[in-house]
Amino acid sequence: MIATDMILKRCVDTRYRNIGGEGVVVRQTAGEVLVLNEIGVRVLELLEATMPVSGLLDALDAEYEIDRPTLERDVLAYLQELVDAGVIEHAAV
Amino acid sequence: MNFGENFLTYPDLFPARPSGEPWGDERVMIGLAGDIYVYEGLSTVQADAVRQRFGKLCLPLVEASPMSVRIQIFRAAADDFVENREHSRVAYNQSHTPDAVKFIGRRFMCRLDWMPELRTALWVPEIDLQYQLAIFVQFLQTTIAYRVFEQGGLLFHSAAVVSDGGADIFFGPSGAGKSTISRLSFAMGHAVLNDDMNILRFTEAGIMVEKLPFTGFLGQEGGGMAGIYPVRAMYRLYKGPTPVLHVLQPATALVTLLGCVHYVSCDPYRWDRLIDRLQKLSTMVPIQALTFARDDRFWALLRSGETE
């Protein structure tokens, strides 16, 4: 369960490249390749800076025209999917 | 899971350097794709099997030049390996550093070291000769993949069909239809370089393809043709009832290409260069998706270039 005070980071074995607005993510340990949409790309870009999930939500809130509750619900669910897929993980602080 | 723990009795004892007890003092030199690969340390029986496997690709024995790639074959103790019948030959662990790549699989250990020239070593136990030979061939393929990559090219899991002086490359995972489309193309009078594995070279004249001459049904000696050809286009294959050509979005194109670059695509120290190279590739030739049926209609579609 993702909480807004958590800090997330890209997994060490995950490599990422922005290709024409889509994200190509490789989980090298598992040999898996994923394609992320524009939001996924932006999330990974924002996670390059160490910030809590709330900061990430603030940044996305400023960039996309969507009401905050919907944004939080969708982004938290999406982050959980990325955690489950082994793309991102909780950062040790 | 730690490196090798599924395959080795004592994973920590993986050889730290390319050394060990050779099987014998036989060598076999093989000329492939502009390079010379030298199996060293073979027993007489192993050398005969290698010569038989590679046929005319074997070269007269001379002193290996510094540019040759040495493949040293060493003995391993049978009880070094965990015997697990669920392990297939293609299942393996790998580990990477900037200067070395290590693999462990069922009854083999191997490593590639850059010193700075590429040197490789393979350890196998006393096992069935045909199984040993299969490991030798697989390891040569791995070595070539890295050698070609360091030269700026790619070993690419694909079928290459030649017509009118140019090549169309068909790719996709096993079962996508590379062999099927090769046979269909062959039956239509087109030449097939290789239906399984080809080398892509980046040149000023464009992307060029040459076959890896010891793999694939149509790629091996006696089937398929030789030569180096400019690549006209590349197609990710899908099977379906009606021929359809689709444009691939850049990220999807890159992912589909990535899936057909063996070994190197899992190497974190080469991933960025690989992605750069695949991006460059996608700017130099069209990368499309082709759905095809088991008939010759796809060829007219390719020539028309009509995409949905």
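In chain B, strand E7, spanning residues 108-114, is mostly covered, with five of its seven residues buried. The model described here is predicted.

E7(B) has a pairing partner in strand E6 of chain B, residues 100-105; the two strands run in the antiparallel sense and are linked by six bridges. Within this pairing, B:Phe108 of E7(B) stands opposite B:Gly105. E6(B) and E7(B) form a hairpin, and two residues lie between the strands. One residue of the turn, B:Arg107, has a positive phi of about 65°.

E7(B) also pairs with strand E8 of chain B, which covers residues 118-124. The sense is antiparallel here as well, and the pairing comprises six bridges. B:Leu122 in E8(B) is placed opposite B:Cys110.

As for the contact between the chains, 11 residues of chain A are in contact with 12 residues of chain B. On the side of chain A that touches chain B, the elements giving two or more residues are strand E2 (14-19), strand E3 (22-27) and strand E4 (32-36) of chain A. By residue class, this side of chain A consists of five nonpolar, three polar and three charged residues.

Terms used. Residues numbered from 1 in each chain as written. Chains lettered and ligands numbered in written order. Predicted model: local features only at pLDDT ≥ 70, side-chain atom pairs only at ≥ 80, totals over all residues. Contact = placed C-beta atoms within 7 Å. Helix = DSSP H or I, 4+ residues; strand = E, 2+ residues; numbered from the N terminus. Nonpolar A, V, L, I, M, F, W, Y, C, P; charged D, E, K, R; others polar. Buried ≥ 20, exposed ≤ 12 C-beta atoms within 10 Å, placed from the backbone. Pairing = 2+ DSSP bridges.
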